[in-house]
Amino acid sequence: MTRAAITGTGFWVPERIVTNDDLAGWIDTSDAWITERSGISERRWLERDDQGRTLITGAEMGARAAREAIAAANIDKNTIDQIIYATLNPDVFFPGNGVFLEHLLELNTAGAMDIRNQCTGFVYGLAAADGFIQSGLARTVLVVGGEVQSTALDLSDRGRDIAVLFGDGAGAVVVQATDEDRGILASVLHSQGRYARELFAEAPVATETGRITAAMIDEGRHFPHMNGKLVFQHATRRFTEAIEEVLRKGGVDIGDVALLIPHQANQRITDAVAARLELPAERVFSNIARYGNTTAATIPIAMAEAVRAGRIHSGDLIVTVAFGSGFTWGANLIRW
Ligand code: UT7
């Protein structure tokens with residue numbers, strides 16, 4: 001049976017570190033509040049020029065992560081026949097970042113597909129890569145999760161609940177067809193659109209002539225908005241359910257899992273899920289303190305760091321899980 005195995009990981013984050021104290025200098029917040037409520041100490045934000053423009057694009061961040069993953073997989077980049085790019089922050093309104101990545105990597109017309117599933121984008125991306133490979137549509141898929149959040153944050157007191165949580169970064173994996181008994185064993189994907197407006201950025205909108213109005217900008221409707229408490233409650237429940245569902249689907253127990261790589265939304269969510277599943281801290285990966293929430297990038301960044309830290313070994317069972325705007329949630333079960 002053909003399986004889809006992750007054969008290389010990579011990530012890239014900006015050098016610029018923004019600490020909680022930096023944020024407290026701009027908006028009404030404090031290091032104590034942010035650390036206590038979220039577990040975040042600092043995040044990376046892209047450097048900007050004197051016009052406020054980022055020095056590099058989101059797709060360039062994705063390309064830097066992808067080059068590392070391609071080198072780690074030790075493949076000829078021209079064997080990549082499909083790109084899957086997960087981001088909620090594309091560089092332009094259309095086309096998606098996948099085609100910019102194809103150009104930056106000079107990939108000789110590989111297929112490019114973008115996924116807009118916010119924090120769950122990478123989990124959906126791995127499931128899609130598995131489907132592409134199992135169906136024979138592709139043999140080598142590059143899955144990228146990347147986000148430029150820093151330019152989209154409301155750095156006034158109005159936006160403080162969200163602004164303190166998010167960071168920039170990108171992660172990538174190479175997924176290859178294999179006849180060995182390893183790779184993505186199972187995935188589960190869910191959504192519940194009735195909650196779409198509980199975590200969303202409304203504008204620009206297709207229903208408005210000109211897509212965005214001065215009033216919308218004045219009201220901050222182009223910034224992300226979140227019902228934090230509701231998202232927190234649903235996330236804790238859905239993370240746990242998705243993990244249990246993907247384990248059942250794969251026919252394994254939580255005790256068999258070597259490492260859980262959860263979406264990095266809030267350390268309190270991760271801790272609550274680990275406690276419910278009775279998973280000890282050494283079997284749960286966390287880097288939220290250093291990067292904050294990088295949305296679709298959190299899982300591939302964490303995966304690449306876990307590999308480099310020697311926390312993933314050949315044959316290990318790994319679970320990824322995410323929940324986010326949509327609401328969407330899902331999980332992947334992987335034999336490394
Ligand atoms: O990736 C998936 C998407 N996101 C998430 O999963 C996030 C889920 N939600 C959360 O992580 C949490 O709800 C937050 C970290 C966003 C907030 O924590 P909370 O414990 O739910 O706080 P809260 O929203 O209930 O706010 C408590 C207080 C409020 O003041 P009052 O009404 O009690 O006077 C807020 O105005 O904290 C205030 N507050 C802040 N204070 C200092 C909100 N943001 C800040 C801030 N600094 N940045």
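Q: Where is Thr295 found?
A: Thr295 is found in the loop between α10 (288-291) and α11 (298-308). Helices here are DSSP runs of H or I with at least four residues, strands are E runs of at least two, and both are numbered from the N terminus.

Q: And what's this model, before I go on?
A: This is a predicted model, where local features need pLDDT of at least 70, side-chain atom pairs count only at pLDDT 80 or more, and totals for chains, interfaces and linings use all residues. Residues are numbered from 1 along each chain as its sequence is written, and side-chain values use heavy atoms, with hydrogens and water left out.

Q: OK, back to Thr295: what's its phi?
A: Thr295 has a positive phi of about 55°, although it isn't a glycine.

Q: Why bring that up?
A: Because most residues other than glycine have a negative phi.

Q: Is Thr295 buried or exposed?
A: Thr295 counts as buried, at 1% relative accessibility. Buried means under 20% relative accessible area, exposed over 50%, and partly exposed in between (1.4 Å probe, protein chains only).

Q: What about Asn108, then?
A: Asn108 isn't a glycine either, and its phi is positive, near 60°. Asn108 sits in the loop between α4 and β5 (111-115), and it's exposed, with a relative accessible area of 61%.

Q: Switching to peptide bonds: which residues does the cis bond at Pro95 join?
A: The cis bond joins Phe94 and Pro95, with omega about 0°. Pro95 is in the loop between β4 (82-86) and α4 (97-104).

Q: And the bond from Ala203 to Pro204, cis or trans?
A: That one is cis, with omega near 5°. Pro204 lies in the loop between β9 (199-200) and α7 (214-218).
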